[in-house]
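Good morning, and thank you for the time. Please look at the structure as I speak.

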Amino acid sequence: MTASSAMQSIRERIENLESIEEIRQLKARYWRSCDRKDHRAVLDCFISGKVNIDYGPIGVFNNREAFVKVFRELGCRDNIVDMHHGANPEIELVDSHHARGFWDLYFFTIDTDGRTFMQLGGRYEDRYLRLDGNWKIESTRFVAVSRFGASVDAAGSLTI
Amino acid sequence: MTASSAMQSIRERIENLESIEEIRQLKARYWRSCDRKDHRAVLDCFISGKVNIDYGPIGVFNNREAFVKVFRELGCRDNIVDMHHGANPEIELVDSHHARGFWDLYFFTIDTDGRTFMQLGGRYEDRYLRLDGNWKIESTRFVAVSRFGASVDAAGSLTI
Amino acid sequence: MTASSAMQSIRERIENLESIEEIRQLKARYWRSCDRKDHRAVLDCFISGKVNIDYGPIGVFNNREAFVKVFRELGCRDNIVDMHHGANPEIELVDSHHARGFWDLYFFTIDTDGRTFMQLGGRYEDRYLRLDGNWKIESTRFVAVSRFGASVDAAGSLTI
């Protein structure tokens, strides 16, 4: 191996580590933006072209604007307090511009008007694309697995 | 420092970062495989020789097959819905083939037959070994710290 | 680019990745030490000089000793069982010795005497400083967002 090809291999390994880190932070920013009801930041996590967002009962969307419209209706109301926490990330780089991701989610939502709460566990299967140096979500599919919720009456008693 | 020893030091630092990343993904895969009831993938997270799995009341196992047998009995039934989420990882490399890991766990299990649920917090102390280029779990000890559970009657009322 | 400036750039990129990793582990150690009621390890996560710890209703502290005094009073009692799990990290390096961090927190606390529990979701905004090669917390602000708690009577019934 020549000195310059050795350097090239080192650069690629660093770039791979940087990509994994950027993708992890992309998803962190996505979930945090959901919880902050920051719909512009949510939009910015996805590529602007054809995207594949499959959130099951919430809907299937092929552009980010369509998804964010529903997000604003469902998740951005004052009485909704959401907690999206990503867990167990596995990021696989396909090449320097494509990656796959597997995550689990802890989700807890409180509806302060309806006096209900729900905890949900589930998993994501994602594809990411690097455009102009930035990793974005190209495809994401969420499946809920574990569900636990209840309503609370005026006296503070719980019904599951 | 000569150019080649400088290159050597750089290679080692990259390899250390890659090892930490691989170990983190190993544990992510372990927990996700538990939740998916994928007992073959669970088995594959451990070394094939003498292993030390100390899960307290669940049992102490010195080979991965013995543990997976119990996992299949306890965790792989249709009425059990588990959520294992790793948190707060600290990975320490001992050398290029040995590492230690400290993690916390959020665990939530629903028994849809028994109408019970339990939330559990605890911590892991692990040792990892790199064999044929792959990091595997050589030793793992889990201690539960925080426990919270309840049963739900037919009318949806809760008893802790 | 000369060979030596190329090497310099590679060294900086590795150092950045190492810094992000160290900061992530610093926060993991902080939360784990809180849950272990290890007040000396908690103290060691902060710089020894002027620090800015803004934990809202718990207090605002400008030196680590003042914070740890309150932590020992509130968090280190035998009847308190805490679970602090960091989520969704975004670490931004400002330069080689300064960084910012954004995290979410899942917190669950059980008071075994008072028979109460509380779950809390919130977010941190941090600043980190590297002193003598070690990253420490220089500034941290926590804001609670989602709160859910209940008391449990002697018969095991819950009131939110």
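Helix H3 of chain A, residues 64–75, has twelve residues and reaches 15 Å from its first C-alpha to its last, close to the 16 Å expected at 1.5 Å a residue, that is, 1.5 Å times one less than its number of residues. Helices here are DSSP runs of H or I of at least four residues, strands are runs of E of at least two, and both are numbered from the N terminus.

This is a predicted model, in which local features need pLDDT of at least 70, side-chain atom pairs count only at pLDDT 80 or more, and totals for chains, interfaces and linings use all residues. Residues are numbered from 1 along each chain as its sequence is written, while chains are lettered from A and ligands numbered from 1 in the order in which they are written.

Which residues of H3(A) are buried? They are A:Arg64, A:Phe67, A:Val68 and A:Phe71, where buried requires 20 or more other C-beta atoms within 10 Å of the residue's own, and exposed 12 or fewer, with C-beta atoms placed from the backbone.

Turning to the assembly, 25 residues of chain A are in contact with 20 residues of chain C, contact meaning C-beta atoms, placed from the backbone, within 7 Å. H1(A) gives the largest share of chain A's side, 13 residues.

Definitions and conventions:
Two residues are in contact if their C-beta atoms, placed from the backbone, lie within 7 Å.
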